[in-house]
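These are my notebook entries on one protein model. I record below what I looked up, topic by topic.

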Amino acid sequence: MSQATESDVREDGVIESVSGPVVTAKDLDARMNDVVYVGHEGLMGEVIEIEGNLTTIQVYEETSGVSPGEPVESTGAPLSVDLGPGMLDSIYDGVQRPLDVLEEKMGSAFLDRGVDAPGIDLEKTWEFTPEVEEGDEVEAGDVVGIVPETASIDHKVMVPPDYEGGEVVAVESGNFNVEETVVELDNGEEIQMRQEWPVREARPTVDKETPTEPLTSGQRILDGLFPLAKGGTAAIPGPFGSGKTVAQQSLAKFADADIVVYIGCGERGNEMTEVIDDFPDLPDPQTGNALMARTCLIANTSNMPVAARESCVYTGITIAEFYRDMGYDVALMADSTSRWAEAMREISSRLEEMPGEEGYPAYLAARLSEFYERAGYFENINGTEGSVSVIGAVSPPGGDFSEPVTQNTLRIVKTFWALDADLAERRHFPAINWDESYSLYREQLDPWFTENVADDWPEQRQWAIDTLDEEGELQEIVQLVGKDALPEDQQLTLEVARFLKEAWLQQNALHDVDRYCPPEKTYEILGAIKTFNDEAFDALDAGVPVEEITDIDALPRLNRIGTTPDDEAEAFVEDLEADITEQLRALY
């Protein structure tokens, strides 16, 4: 959160009443969404309602002990974030206060109220290399220089979107802090490495384009059956213990994105601790550097003030848009949007607004839409292209997908990864139900897969879907009469589907190799199972019993392809397919 200067702050209101995170002030000269400081301790808050002489504020810190009559100071500016080098490899709270800086200020992990700090270090110097010369013409959004922010990411210093632009009359190179001027224009505008941007306002773009490239995740069930486009939106709903957090962490670790923004919104503190402990030690599969070198974490756990959950998703999406403007592909993980909705519900109830379904505010769908609509594949105002992909976890109570947050999310997103408690209980992970999940990006991404992976990718995928659908229907009969009562061709279909589920869809997130599977290997595993299917049905047509077909020595090796190192997988599959073909044909 960018701090207000002394000249910005006016003490011009007093507290009328306090109701949890909602404070009412009178005689306050403020506008909607302005940041204010409440009480003697200066607790940060935001104006959410103005009615006559009364102003309603949601406070982003604990308000116990705050009393009527205490002063309220208005900054006259909306809730904004500091944008500049230093955001990667950082951990923020919901209003972009760096937690490591606050801990250093307090000398303790337990933070005092009213403590503030700028979102990026204002004193640290960065090596600035200009990309423009004196006499060049620049416009809003143009890149004027490069800063090596981390070992993985070059930070591109841009003309702020609200600048007019003009001719460069002075440019500096060397080491500067983020508040020093590095480029000066003929109209007097000065460009620093630091920008501010209101979190509730989307950064401008030229055009929102149709995404045609997948955000490859390394998860076979996602890349193979339910792909997400770069710039797409996805939801992962599931009950407690079904693996939402592990799925999102796997996406954050292995997704084909340049930048990762991970928002822990109202989740348990131990889950964010796991992220904070793991990410600095994990090598980035793309660059080999530390994963944190391209990651920004926003931690607003369940024990933190509830109102800050409402702002943390906007803080995260604004940071994501800033890196998108540089031409990067950004993946944003929000875990979980249900906790954000619960925060809205609490604030709404304290405002005594008319409740909607299950007590959620009537504007729940609108707020969710505003958030997800900021995702997309964009042509930026500086001519580059970049994307923001948003993956939101949803935590429906009791796993009930008919509850309002899940249903309203499904109306917005185009990819649905439904986590299943029954699969999780059977230790099938990722516990994504292939019957309930879907992706509306499949057709527009098929050209990429056929060009970059295999010509028959769509046909192989459709065969897998048809086989799994048939297996689902047969299982209903099996539960009534038993497997042995089925015709032999249907028994064989069940065996093929078992390998699809165990060797292809199931994946071990804790295995050094199997936790990430490139699309090429995903295709190879499916191809090996298809080879067994085709040869097995030929053998069945030749009169070979199902028991003999499923008893060949080569078959158990299908389950070992996923744990075979990627550089050995192609040779392993070729040898396995040859063995399957030879052993089955030897039976007739």
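**Entry 1: a sheet.** Before counting pairs, I note that two strands are taken as paired if DSSP finds at least two bridges between them. The model I am reading is predicted. I looked up strand 10 and strand 13 (residues 166–171) and found 2 bridges joining them, with the two strands running antiparallel. Within this pair, E137 stands opposite E167 of strand 13. I then followed the sheet across: 4 strands make an open sheet in the order 10-13-15-16, with antiparallel pairing. Strand 10 (137–138) and strand 16 (190–191) are the edges; each has a single partner strand, so one side of each is left without a neighbour in the sheet.

Entry 2: The largest nonpolar core here has 77 residues, and W417, I529, F532 and L558 touch the most other members.

**Entry 3: helix 11.** I checked the length of helix 11 (residues 457–481): its 25 residues reach 36 Å from the first C-alpha to the last, close to the 36 Å expected at 1.5 Å a residue. Among its buried residues I noted W457, W463, I465, L468, L474 and V478. What covers the buried residues of helix 11? The cover includes helix 2 (220–224), helix 10 (442–452), helix 12 (488–505) and helix 13. Just after helix 11, G482 takes a positive phi of about 90 degrees.

Entry 4: R324 is found in helix 5 (residues 307–325). Is R324 buried or exposed? Its relative accessibility is 0%, so R324 counts as buried. Leaving out residues up to four places away in sequence, R324 touches R203, P204, T205, V330, F378, N380, G386, S387 and V388.

I then turned to T56, in strand 5 (residues 54–59). With 8% relative accessibility, T56 also counts as buried, since the limit is under 20%. Contacts of T56 outside its four-place neighbourhood include V22, T24, E46, I48 and L351.

**Entry 5: salt bridges.** I found 31 salt bridges in the structure. In one of them the side chains of R339 and E342 meet, at 3.1 Å from N to O. Both residues lie in helix 6 (residues 337–350), 3 residues apart, about one turn of the helix. E342 is partly exposed, at 25% relative accessibility.

K521 forms another salt bridge, with D566; the closest N and O atoms are 3.1 Å apart. Why does this pair tie together parts that are 45 residues apart in sequence? K521 lies in helix 13 and D566 in helix 15 (residues 566–585), so the bridge runs between these two helices. K521 is buried, with a relative accessible area of 3%, whereas D566 is partly exposed at 39%.

My last pair was R557 and D579, with closest N and O atoms 2.7 Å apart. R557 sits in the loop between helix 14 (546–549) and helix 15, and D579 in helix 15, 22 residues apart. Both R557 and D579 are buried.

How values were computed:
Residues are numbered from 1 along each chain as its sequence is written. This is a predicted model: local features need pLDDT of at least 70, side-chain atom pairs count only at pLDDT 80 or more; totals for chains, interfaces and linings use all residues. Side-chain values use heavy atoms; hydrogens and water are left out. A nonpolar core is a set of buried Ala, Val, Leu, Ile, Met, Phe, Trp, Tyr and Cys residues joined through side-chain atoms within 4.5 Å. Buried means under 20% relative accessible area, exposed over 50%, partly exposed in between (1.4 Å probe, protein chains only). Contact means heavy atoms within 4.5 Å. The expected span of a helix is 1.5 Å times one less than its number of residues. A salt bridge is a side-chain nitrogen of Lys or Arg within 4 Å of a carboxyl oxygen of Asp or Glu.
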